[in-house]
Amino acid sequence: AAFADAPYLQCLNDEQRAAVLATEGPVLVLAGAGTGKTRALTTRLAHLLFAGKARPWQILAVTFTNKAAREMKERVGALIGQGRGGVEGMQWLGTFHSIGAQILRRHAELVGLRPSFAIIDADDQARLAKQAIEAAGLDEKRWTGRGLAAMIDGWKNRGLTPDKVPASEAHHFADGRAIALYAAYQARLKTLNAADFGDLLVHNLTIFQNRPDVLADYQNRFRYMLVDEYQDTNVAQYLWLRLLAQKHRNICCVGDDDQSIYGWRGAEVENILRFEKDFPGATVIRLERNYRSTPAILAAASGLISANRARLGKTLWTEREDGEPVRLRGVWDGEEEARVVADDIEAEQMKGRPLSDMAVLVRASFQMRAFEERFNAIGVPYKVVGGPRFYEREETRDALAYLRLIRSADDDLSFERVVNKPRRGLGEKALQTLHRIARDAGVSLAAAGRLALETDDLTAAARKALARFLDDLDRWARDARDMPPADIAELVLEESGYIDMWKTSKSAQADSKLDNLKELVQAASEFDALEGYLDHVALVSELNESSVDGQVWLMTLHAAKGLEFPVVFLPGWEEGIFPSQRALDEKGEAALEEERRLAYVGVTRAKESCRISFAANRQIFGRWQNAIPSRFIDELPEDAVDVVSEPGLYGAAARNFARRSAFDGARIDEDAYYDNPGWRRARAAKARAARPPLIEGRAATVSVSAPGKSRFSVGQRVFHQ
Ligand code: ATP
Ligand code: MG
């Protein structure tokens with residue numbers, strides 16, 4: 001090919017180069033972790049532009065996270081430069097959600113929305129679902145809003161609008177009325193001029209179906225389509241891709257079936273198999289050389305994933321030198337785990353490793369707290385990704401509600417949220433009056449407010465407060481027309497008294513909330529229009545997903561997909577945490593295999609060092625439990641793993657370790673093993689009580705008396721705070 005010696009192709013291997021140069025027709029790259037799929041995809045994007053195959057706005061590129069989208073932009077920018085003809089023109093590079101939202105904004109009226117529609121989050125979604133259940137007169141205790149919202153999500157993941165849901169699927173929920181509730185929920189969203197996450201794509205599908213001309217327009221536009229992390233697409237996303245690709249058929253998907261970790265959100269690995277069927281003659285390329293990790297890490301990951309039966313199977317090899325073995329460490333409890341990890345991080349830092357080279361990847365976000373506390377205590381800066389989403393925090397949601405109201409005063413969800421926040425004397429009662437007027441007149445709450453001012457349904461004080469609030473909204477909306485989003489945000493948060501509310505608050509979290517508000521305003525400064533900013537915030541999990549050198553990463557395994565770090569910590573490998581209790585409760589192997597793929601994703605994030613840990617005691621939702629090491633630990637090949645045990649592992653946990661060959665090195669004190677619940681409780685209480693007075697460098701003995709047993713010591717460990 002003419003471009004075979006282009007400089008950007010030199011840093012690829014033959015198979016990767018083939019994936020880049022096979023520009024015409026469908027291509028599927030199926031390969032294991034760290035084999036350079038994303039690199040090949042990025043280079044393909046650059047190549048398409050460089051070779052003049054397409055203009056930037058004629059390429060659709062789907063990444064799984066916003067972070068990945070930004071990284072791809074950066075990499076392409078470095079390869080082909082900035083400017084309209086370069087990376088800046090790449091307006092269709094983003095996540096399924098962000099691209100779906102963009103398309104929907106352009107055609108909102110085709111599904112009964114206005115272009116200014118709000119994107120609601122899981123919380124609002126559950127609230128609306130609950131309202132639908134109430135309105136239908138169903139037992140709200142029995143049928144929860146969350147339950148209904150989850151069902152609706154499930155249908156949306158499969159691209160099903162209420163009229164398309166098979167009747168047979170509704171029987172077990174709400175006396176068979178689930179589909180009607182789904183329809184009511186959609187009608188309510190329409191009135192509110194709002195869309196949930198699932199709608200972003202489902203509405204796209206509806207538009208494409210009803211308006212062949214619109215579909216044809218996009219089909220013509222997208223000459224080339226690129227999809228990363230293809231194994232995690234759900235049916236709706238698949239249908240969306242298939243429709244859009246039909247004209248040019250130049251679609252390149254890259255993925256790894258072993259990294260499919262979103263089955264619980266409707267992702268279907270079968271999409272990989274369907275690809276070859278739906279796109280006959282597709283070029284399938286396999287990459288086998290791993291460039292990311294040391295042989296020990298690869299061996300651990302391969303050994304682990306080989307326990308899964310449902311896989312396509314593939315080989316991985318590397319030319320890298322042997323590195324350190326995967327380190328496996330048992331500790332006393334979650335607190336100790338956080339301390340040990342933090343110590344390791346500090347030790348690495350002393351050796352000159354930047355903090356941002358290290359990541360702690362947890363299975364569930366509740367695990368983060370112990371690490372955050374420890375990092376705070378010893379002053380290690382860290383960056384949380386994918387925990388409680390930034391925009392799910394109270395202050396973020398409040399601030400956004402203000403901004404949404406400015407965009408559209410008819411946004412009832414937002415109106416309700418901030419009409420009395422800070423307190424304006426417009427409490428529950430006033431709101432009920434507004435709701436009644438709104439219902440009777442068939443108008444929004446803001447409009448009902450204006451009507452209420454003409455009546456004496458409200459007290460004089462409430463009327464005055466309401467008049468002022470409505471005036472404020474008007475004025476802000478006028479101001480907003482020619483102000484950058486950051487200035488609007490600042491103005492509104494100041495003038496509404498919202499900032500003051502937190503400044504005078506005695507809440508322990510007030511300071512961090514004020515910081516978050518600052519970050520929110522700061523992030524707005526990157527946008528020219530309020531619209532773009534609001535979409536951005538609704539769709540990202542963090543405003544600032546990039547870390548500077550001075551921060552350790554702390555994130556969930558799900559959020560870590562596609563990323564890599566020199567040093568990775570994987571804490572909490574215990575039955576019930578990882579694999580999760582939910583997966584263990586489920587019948588059949590599917591859920592467990594998904595957990596195992598998640599473990600595989602975790603291990604393969606590491607380039608040089610992977611450190612797995614588990615605790616003998618774990619406090620879950622306030623209760624202490626004896627933890628059993630994860631079955632995944634057993635599945636790690638012995639010669640790739642080095643066991644580091646703490647002198648402090650006794651009792652039931654030690655017994656458990658002893659049963660496992662991986663744990664030959666652990667010191668075991670048989671005497672300390674009593675399978676007695678009373679003793680366990682006593683030990684837990686004692687261990688808790690013994691903690692506070694521990695002083696740096698001092699040895700402390702934690703001892704307990706077990707009922708009916710002689711007094712003994714459970715361990716002597718050196719604590720430091
Ligand atoms: P994952 O499955 O985790 O998403 P991936 O297959 O997308 O992994 P990449 O992230 O693209 O893999 O690449 C893994 C690492 O290997 C990156 O650091 C990348 O820069 C490097 N790499 C990829 N291809 C090559 C190559 N041909 N030569 C040298 N390094 C490479
Ligand atoms: Mg990748």
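Good morning. The structure is a predicted model, in which local features need pLDDT of at least 70, side-chain atom pairs count only at pLDDT 80 or more, and totals for chains, interfaces and linings use all residues. Residues are numbered from 1 along each chain as its sequence is written, while chains are lettered from A and ligands numbered from 1 in the order in which they are written.

I begin with the chain as a whole. The protein chain contains 28 helices and 18 strands; these are DSSP runs numbered from the N terminus, with helices being H or I of at least four residues and strands being E of at least two. Of its 721 residues, 45% count as buried. A residue is buried if 20 or more other C-beta atoms lie within 10 Å of its own, exposed if 12 or fewer, and partly exposed in between, with C-beta atoms placed from the backbone. Two residues are in contact if their C-beta atoms, placed in that way, lie within 7 Å. Among contacts with a separation of 6 or more, 74% join residues 24 or more positions apart.

Let us turn to the ligand. Which residues are the closest to ligand 1? They are G36, K37, T38, R39 and Y291, out of 19 residues that surround ligand 1; a residue is near a molecule if its C-beta atom lies within 6 Å of it. The shell divides into five nonpolar, nine polar and five charged residues. Here Ala, Val, Leu, Ile, Met, Phe, Trp, Tyr, Cys and Pro count as nonpolar, Asp, Glu, Lys and Arg as charged, and the others, Gly among them, as polar. Helix α2, residues 37-50, gives the most to this shell, with three residues.

Both K37 and T38 are found in helix α2. K37 is buried because 26 other C-beta atoms lie within 10 Å, and T38 counts as buried because it has 21 C-beta neighbours inside 10 Å. Leaving out residues up to four places away in sequence, K37 touches V29, A31, V254 and L287, whereas T38 touches D228 and G562. An unreviewed UniProt entry places a "binding site" feature at A31, G32, A33, G34, T35, G36, K37 and T38; such annotations may be inferred rather than shown by experiment.

Next, the cores. In soluble globular proteins, nonpolar side chains tend to be buried together. A nonpolar core is a set of buried Ala, Val, Leu, Ile, Met, Phe, Trp, Tyr and Cys residues joined through C-beta atoms within 7 Å. The largest has 132 residues, of which V29, L148, M225, L226, Y402 and L403 touch the most other members. A second, separate core of 68 residues includes L316, V568, F578 and I628.

R363 is found in the loop between β10 (358-362) and α14 (368-378). Why does R363 count as buried? R363 is buried because 23 other C-beta atoms lie within 10 Å.

I close with helix α5, residues 122-135. Its buried residues are D124, Q125, L128, A129, A132 and I133, and they pack against α6 (145-157), α7 (178-191) and α16 (412-418). Just after α5, G137 takes a positive phi of about 70 degrees.
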